[in-house]
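Subject: Structure handover and notes

Hello,

Please find the structure for your files here. My notes come after it.

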Amino acid sequence: MGHKRPRPERLGDKLREIRLAFELSQDLIRTRLGFGHIHPGRISEYETGKRVPPPMLLLAYADLAGVHVEDLLNDNLDLPKKLPGKVRHGVIPPTP
């Protein structure tokens, strides 16, 4: 019927890199990001590329990592070697 939306190929790897840089389990990162209400299996789906996180969750990842959301979504950009980076978004409250 329709076309599939293009997905960033490296997004899952970058999300996993962020989680591991902060030495968090998949379960703990949900709480650290302020999204404890999402199903624990979702983090795995995001990291393996089966699903793309919603925009507010991507913003929370970017805030935690100190990077721009563009750094997560653009496959041509790498995350900084040392996380967190220098970008500060401020506190973004998650949606219920």
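The model is predicted, so local features need pLDDT of at least 70 and side-chain atom pairs count only at pLDDT 80 or more, while totals for chains, interfaces and linings use all residues. Residues are numbered from 1 along each chain as its sequence is written, and side-chain values use heavy atoms, with hydrogens and water left out.

Helix pair

Helices here are DSSP runs (H or I, at least four residues), numbered from the N terminus.

On the helix 1 side, Gly 12, Asp 13, Leu 15, Arg 16 and Arg 19 meet Ile 43, Tyr 46 and Glu 47 of helix 3; contact means heavy atoms within 4.5 Å. By class, 3 nonpolar, 1 polar and 4 charged residues make up this contact (Ala, Val, Leu, Ile, Met, Phe, Trp, Tyr, Cys and Pro are nonpolar; Asp, Glu, Lys and Arg charged; the others, Gly among them, polar).

Buried residues

Lys 14, in helix 1, is buried but has no salt bridge, and the nearest side chain of opposite charge, Asp 75, is 5.1 Å away. Buried means under 20% relative accessible area, exposed over 50%, and partly exposed in between (1.4 Å probe, protein chains only). A salt bridge needs a side-chain nitrogen of Lys or Arg within 4 Å of a carboxyl oxygen of Asp or Glu; Lys and Arg count as positive, Asp and Glu as negative, and His and the chain ends are not counted. Not counting residues up to four places away in sequence, Lys 14 touches Asp 71, Leu 72, Asn 74, Asp 75, Leu 77 and Leu 79.

Ile 38 lies in the loop between helix 2 (26-33) and helix 3. Its relative accessibility is 15%, so Ile 38 counts as buried.

Backbone

Glu 23, in the loop between helix 1 and helix 2, is not a glycine but has a positive phi of about 55°. Glu 23 is exposed, at 72% relative accessible area. Leu 83 and Pro 84 are joined by a cis peptide bond, with omega about 5°; Pro 84 is in the segment after helix 5 (69-73).

Regards

Technical notes. Helices (H or I, at least four residues) and strands (E, at least two) are DSSP runs, numbered from the N terminus.
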